[in-house]
Amino acid sequence: MTETGAPMAHGPTVAREYGIPAVICVPGATDTIRTGQVITVDGAAGTVTVHREG
C-alpha cells in the first residue's frame, strides 16, 4: 500500500510480479495506520480496511 504513486510505478509493478496484493494512492495512510495495527489489503477491490483493536 502506498499513499502516492501510479499503476506503472515501481512498487505496484513489483507487487504484481510477486503476486502481492497492493493498493496505491491511499490518502492519509501513514497518518491513520499505526505500527502493530491489523489491516486487510484487498488488491482486487482496491481497498484497505483498518481493523479495530481489542
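The model is predicted: local features need pLDDT of at least 70, side-chain atom pairs count only at pLDDT 80 or more, and totals for chains, interfaces and linings use all residues. Residues are numbered from 1 along each chain as its sequence is written, and side-chain values use heavy atoms, with hydrogens and water left out.

The protein has 2 helices and 2 strands, in the order α-α-β-β from the N terminus. Helices (H or I, at least four residues) and strands (E, at least two) are DSSP runs, numbered from the N terminus. The C-alpha trace spans about 35 × 20 × 20 Å along its principal axes. Of the 54 residues, 11% are buried; buried means under 20% relative accessible area, exposed over 50%, and partly exposed in between (1.4 Å probe, protein chains only).

M1, I39 and V50 form a nonpolar surface patch of about 200 Å². Areas come from the Shrake-Rupley method with a 1.4 Å probe; for residues, only the protein chains shown count as cover.

| Residue | Relative accessible area |
|---|---|
| M1 | 38%, partly exposed |
| V50 | 33%, partly exposed |

V50 belongs to strand 2 (residues 47-50), while M1 sits in the segment before helix 1 (10-18). Beyond its neighbours within four places in sequence, M1 contacts V23, V26, A29, I33, I39 and V48, a contact being heavy atoms within 4.5 Å. M1 and V26 are 25 residues apart in sequence, with 7.3 Å between their C-alpha atoms.

Definitions and conventions:
Patch = residues over 30% accessible without salt bridge, like charges linked within 9 Å, V, L, I, M, F, W, Y side chains within 5 Å. Salt bridge = Lys/Arg side-chain N within 4 Å of Asp/Glu carboxyl O.
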